[in-house]
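Colleague: I am new to this structure. Please show me how to read its features.

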Amino acid sequence: MSARGTGRGRRLGLTREKVTEAALKLIDRDGPDSFSLRRLATELDVEAMSLYNHVPNKEALLNGVAELLLARIDFSGADTGTWQDRIRAHALAFRAAAHQHPRAFHLVCVRPTQSPASLKSIRSALGALTELGLTPEEQVHALRGYVAFMSGSIMRELGSAITAGTVDPGQVRHRIDEITATEDPLLSAAAPHLAVSDHDVEFHYGIELLIAGLATRAGVPALTPMPPAPQRPDRGR
């Protein structure tokens, strides 16, 4: 069977790694919805068919972008300290990577990866649970609960999932009025808080809730108090 592609990509030294890196840069710039192999080929100044010498299709390339993003997360801070500190460090590293690639990072949350980078991330997270005395099965359950929280929280923060509140101060009052208009006492009491979506506070609260739940499940003290969420420069204005 003859190879696809014009050979121009090979003459330019094109590799799977270079194609994946270029795809990441394009998605970071323009977002995933407008991404296509044809647009990527234009960026690389090659014929579109040349890309098939390095990736079988668009889906495989997007999987590769997710793997690249995951491989670049620095989880070294999650290797030391108490188990609580290690969970926090792992979560903060994951979230920091999402902030560095706000348009592309949702690929990490929605595409299963079977790469060494994925196993490295899993190994790092599991390492924080070893001293809790949980069985391997319980560790995996805890891990999946953690991953579900992280993925949902980050996708909501990046605008890829539904949130009940808003980060726009100008819309908060309108959202409160919408909720209280239901005349439901429970919803009305929560309206000032439901209307506001503070990603920093919610992320840190969720991680500490997870830590507290794990401590209770394992029958160990939580030990360290919940640290305050980092203050954004615009908070309080």
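Colleague: How are α2 and α3 oriented to each other?

Modeller: This is a predicted model, in which local features need pLDDT of at least 70, side-chain atom pairs count only at pLDDT 80 or more, and totals for chains, interfaces and linings use all residues. Residues are numbered from 1 along each chain as its sequence is written, and side-chain values use heavy atoms, with hydrogens and water left out. Helices are DSSP runs of H or I with at least four residues, numbered from the N terminus. Axes are lines fitted to C-alpha atoms over the stretch in contact, and angles run from 0 to 180 degrees between N-to-C directions. The axes of α2 (residues 16-30) and α3 (residues 37-44) come within 10 Å and cross at roughly 105 degrees. The two helices are therefore roughly perpendicular (65 to 115 degrees).

Colleague: Which residues make the contact?

Modeller: Contact means heavy atoms within 4.5 Å. On α2 the residues are V19, A22, A23, L26, R29 and D30, and on α3 they are R39, L40, E43 and L44.

Colleague: Where is empty space left?

Modeller: Rolling a probe the size of a water molecule over the atoms shows where it is. A cavity is a set of points, on a 1 Å grid over the protein atoms alone, where a 1.4 Å probe fits but cannot get out; lining residues have an atom within 4 Å of a point. The count here is 1 cavity of 30 Å³ or more.

Colleague: Which residues line the largest cavity?

Modeller: The lining consists of I87, H90, A125, L129, A142, L143, Y146, L210 and L214. Helix α8 (136-157) gives the largest share, 3 residues.

Methods:
Angles under 35 degrees count as roughly parallel, over 145 as roughly antiparallel, 65 to 115 as roughly perpendicular and the rest as oblique. On a 1 Å grid over the protein atoms alone, a cavity is a set of points where a 1.4 Å probe fits but cannot get out, and a pocket is an open set with protein on both sides within 12 Å along at least five of seven lines; lining residues have an atom within 4 Å of a point. Grid points are joined across faces, edges and corners, and a volume is the space filled by probe spheres set on the points.
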